[in-house]
Amino acid sequence: MTRGITAWSEIDNGIVPVDDGELFYETAGSGPAVVLLHGGMLDQHMWDEQFAWLVNSGLRAIRYDFRGHGLSSTVAGDYANHDDLCTLLDALDVPDAVLVGLSHGARVALDTAIARPERVTALALASPGISGRAFSDPFILEHIRAQVAAIGTPDGAERYVEHFLRMWVDGPHREPSAVHPGFRERMRASAEANVEVHADGAGAGMPLEVGAADRLAEIRVPTVVFDGDLDSSDISANAHAIALTVPGARRVRIPGAAHMVNLENTALFDRELHAFLSSLDYGH
């Protein structure tokens with residue numbers, strides 16, 4: 001059981017069918033819904049630190065594994081993550097929700113806010129990806145090339161995961177030795193499990209996205225964006241673009257953190273997220 005959940009709020013979990021697959025979810029608490037969207041190659045447990053206090057704050061916390069991740073099914077054809085999310089909300093009888101996403105999760109949150117605006121009450125975007133924006137940071141491009149080269153080699157899976165950790169855990173401004181070893185190993189274990197379980201889905205289908213890069217100005221919900229000062233230039237550029245283009249969006253820089261801001265500077269991230277959620281008017 002996730003630490004910190006009080007006895008009165010049992011965690012409910014289950015499976016929701018989607019086209020060509022199924023999604024594994026967990027939910028607890030009651031009140032306005034907050035959906036936690038994880039980063040690529042990780043799973044819903046990257047939100048363990050936040051799940052409990054969200055429930056104890058009088059909110060209904062929902063988290064799930066994307067297709068091709070965690071306990072959800074392996075990719076078997078083209079799909080849209082924003083459609084999957086809306087299918088999950090329908091199954092849980094949730095008309096709309098605050099979306100809290102990190103990295104790929106933020107990318108899905110933005111797509112959902114554009115494609116299905118009636119389902120989204122607010123956005124909290126951490127280290128955001130944006131569909132339709134290409135990577136340009138030389139550090140990221142170098143490690144992506146190395147990842148591709150590792151596929152199919154004898155130690156390819158191990159090397160693939162290590163390049164993931166270099167990009168999205170260490171970041172371009174520090175060596176692995178400068179990162180808390182327990183945190184780095186937690187991220188490695190999660191990524192390795194995904195690679196092992198979902199390898200067959202590589203190339204089996206593509207996520208269909210909305211091209212949010214050119215449509216950010218359409219977003220009309222309260223928005224906060226977080227980015228770490230040790231992250232890549234691509235992510236800080238994304239955070240800047242959102243803050244500049246989404247009406248009323250606010251940007252919070254998280255010091256002493258690279259990409260995984262909710263786990264590296266948890267106290268500051270939690271305080272800022274709590275303040276944002278407390279400021280929202282959940283009435284309709």
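Let's start with the sheet: this predicted model has an open sheet of eight strands with mixed pairing, in the order β1-β2-β4-β3-β5-β6-β7-β8. Strands here are DSSP runs of E with at least two residues, helices are runs of H or I with at least four residues, and both are numbered from the N terminus. Two strands pair if DSSP finds at least two bridges between them. At the edges stand β1 (12–18) and β8 (250–254), each with a single partner strand, so one side of each has no neighbour in the sheet. From one strand to the next, the twist averages 20°.

A quick word on how to read all this. Residues are numbered from 1 along each chain as its sequence is written, and side-chain values use heavy atoms, leaving out hydrogens and water. Because this is a predicted model, local features need pLDDT of at least 70 and side-chain atom pairs count only at pLDDT 80 or more, while totals for chains, interfaces and linings use all residues.

Now, please find β5, residues 97–102. How many of the six residues of β5 are buried? Six of the six, so β5 is largely enclosed by the rest of the structure. Buried means under 20% relative accessible area, exposed means over 50%, and partly exposed is in between, using a 1.4 Å probe and protein chains only. Both faces of β5 are covered, with Ala 97, Leu 99 and Gly 101 on one side and Val 98, Val 100 and Leu 102 on the other.

And who are the partners of β5? On one hand, β3 and β5 run parallel and are joined by four bridges, with Val 35 having Leu 99 as its bridge partner in β5. On the other, β5 pairs with β6 in the parallel sense over six bridges, and here Leu 102 stands opposite Ala 126. Carry on to β7: strand β6 (residues 120–126) and strand β7 (residues 223–228) are also parallel, over four bridges, and Leu 125 faces Val 225 across that pair.

Helices come next. Helix α7 (residues 233–245) packs on the sheet and touches β6, β7 and β8, and its direction makes about 160° with that of β7. Contact means heavy atoms within 4.5 Å. Angles run from 0 to 180 degrees between N-to-C directions, and axes are lines fitted to C-alpha atoms, for helices over the stretch in contact. Helix α3 (residues 104–115) lies across β3, β5 and β6, at about 155° to β6.

Seven of its nine residues are buried, so α1 is largely enclosed by the rest of the structure. Among the buried ones are Phe 51, Trp 53 and Leu 54. The buried residues of α1 pack against several elements, including β2 (21–28), β4 (60–64) and α9 (266–278). Just after α1, Gly 58 takes a positive phi of about 85°.

Are they buried or exposed? Asp 93, in the loop between α2 (81–91) and β5, counts as exposed at 67%.

In helix α2 you'll find His 82, which is buried at 9% relative accessibility. Its contacts include Val 108, Asp 111 and Leu 208, leaving aside residues up to four places away in sequence.

On to the inside of the protein. A nonpolar core is a set of buried Ala, Val, Leu, Ile, Met, Phe, Trp, Tyr and Cys residues joined through side-chain atoms within 4.5 Å. The largest one has 46 residues, and Phe 226 and Leu 277 have the most contacts inside it. Helix α5 (residues 156–170) gives the largest share, six residues. Apart from this core lies another, of 38 residues, including Leu 37 and Val 225.

Last, the domains, whose bounds come from an automatic or database domain assignment. There are two: domain 1 (12–133 + 204–279) and domain 2 (138–199). Their C-alpha centres lie 22 Å apart, and the contact takes 25 residues from domain 1 and 20 residues from domain 2.
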